[in-house]
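The following exercises concern the overall build of one protein model and the surroundings of one residue. Each task is followed by a worked solution.

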Amino acid sequence: MAQIFKAKKKPLQQQSLELDITAMDHQGRGIAKHKNKVCFVSGALPGERVKAKLVDDKARYSQADTLKIIKASEYRTVPICEHYSQCGGCQLQHLDATQQVIEKQAAVNQLFAKFAKLTDLNWQAPLLSQATHYRRSARIAVMFDKAAKKMRVGYRANASKSIVSINQCPVLSDSFAEVFNVFDKVINQHKALHSISHLQLCAADEQYFIVIRHTKAISPHDKAFVEQSVAAHNWQLVWQSDSDTIDHSHLAMPFYKLEQLNITFEFGLSNFIQVNASVNQAMLPQAANWLALQGDENVLDLFCGIGNFSLVLAKQAKTVTGIEGVSSAVALATQNAQTNQITNTQFHCFDLTTSIKKAPWFNKELDVLVLDPSRTGAMAVLEQLPLTQFKTILYVSCDPVTLARDSAIISQAGFDLNKIGLMNMFPHTGHIETMALFQRR
């Protein structure tokens with residue numbers, strides 16, 4: 001039998017390092033230099049000197065974990081969560097909340113300079129929310145701990161598959177403050193409930209939903225026990241078996257309202273909505289203000305979801321064409337337009353990672369482009385579109401790396417980056433959401 005050669009990994013340097021942190025990357029890690037390479041240091045802040053342990057050493061960069069702070073940043077602060085050192089949910093609670101936004105903006109500057117060769121960006125005021133209890137949705141893990149001989153309810157540990165039992169989560173909506181302790185107690189009372197694998201939480205405007213995912217059948221008797229045990233908390237329970245479909249047809253549809261724009265959005269519990277309701281409320285008027293539509297524009301809204309941007313812009317545009325790859329979201333976008341008596345929109349289900357040559361929705365009368373892609377960005381469709389037909393492009397991003405990469409494509413097509421602004425959708429985490437406005441030269 002043929003022998004396949006595998007090079008042995010070199011053992012990592014075991015002794016601790018002393019590193020000077022010069023900046024922060026887009027994931028919230030400190031940046032230092034070690035052996036003429038970039039070293040990403042978790043738990044370290046710009047301006048600090050730290051003692052660190054090397055955990056990975058690659059040809060072009062290395063990674064380390066902070067062991068001790070030798071010289072602390074003036075912006076270092078005490079984390080607000082008792083589980084912060086174990087939980088993998090937040091990465092920046094040790095940094096002052098205001099400074100988090102400043103460092104995130106600096107990280108985006110670095111990425112634009114690297115990938116798009118754009119500097120001196122025209123930064124607008126960031127969109128902010130309260131730094132605690134901002135999450136209206138979350139996924140809670142449930143797993144049996146053999147060592148403890150019990151089910152654990154909580155979040156994944158940092159860089160691990162193990163579960164950290166959570167007492168309370170300071171970034172989660174107040175409506176779910178007791179969810180961890182309540183379900184820890186309930187699930188551990190009946191072995192039949194050990195097939196529960198996770199809880200999906202969603203706080204709509206007037207209802208609080210918990211989708212209970214389970215891998216084996218749970219009897220009506222045991223379901224009734226759970227429902228009675230949580231009845232005092234006003235949570236709407238939805239049981240989901242192996243099927244990917246979340247059936248909540250027996251309940252009123254969840255929704256959220258944009259009061260200032262007089263628009264109501266219904267959504268399914270399997271559909272994407274913005275986690276931070278407050279930032280979403282500010283983001284949509286900002287998009288409309290930046291675009292400053294005059295009423296004669298035909299807008300193409302790619303990755304439109306349930307119509308979050310489409311319906312807002314339809315109130316100012318001649319037409320809006322929304323494209324989305326998830327059929328249930330397209331159906332809801334169409335329904336939401338009808339519910340809100342918006343008649344100048346049309347929505348199509350289309351996979352935007354495929355060829356658009358024969359796409360029935362594309363025509364040359366479209367002159368404003370709106371993009372709100374997933375973390376993978378919009379490169380696949382940007383490389384196909386005749387971008388020169390657009391006069392304005394609004395790009396809403398949840399990943400600054402793909403935004404900077406895609407901005408290079410847009411810039412090369414003859415556009416200037418007119419405005420850019422952070423939307424701090426996820427305080428205390430390394431996640432960076434950005435809005436960028438491009439105008440044709």
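Helices (H or I, at least four residues) and strands (E, at least two) are DSSP runs, numbered from the N terminus. The model is predicted: local features need pLDDT of at least 70, side-chain atom pairs count only at pLDDT 80 or more, and totals for chains, interfaces and linings use all residues. Residues are numbered from 1 along each chain as its sequence is written, and side-chain values use heavy atoms, with hydrogens and water left out.

**Exercise 1.** Determine whether Val179 is buried or exposed, and identify its contacts beyond four places in sequence.

*Solution.* Step 1: Val179 belongs to helix 2 (residues 179–187). Step 2: buried means under 20% relative accessible area, exposed over 50%, and partly exposed in between (1.4 Å probe, protein chains only). Because its relative accessibility is 1%, Val179 counts as buried. Step 3: with contact defined as heavy atoms within 4.5 Å, and neighbours within four places in sequence left aside, Val179 touches Leu172, Leu199, Leu201, Ile210 and Trp235.

**Exercise 2.** Give the share of buried residues in the protein.

*Solution.* Of the 441 residues, 51% are buried.
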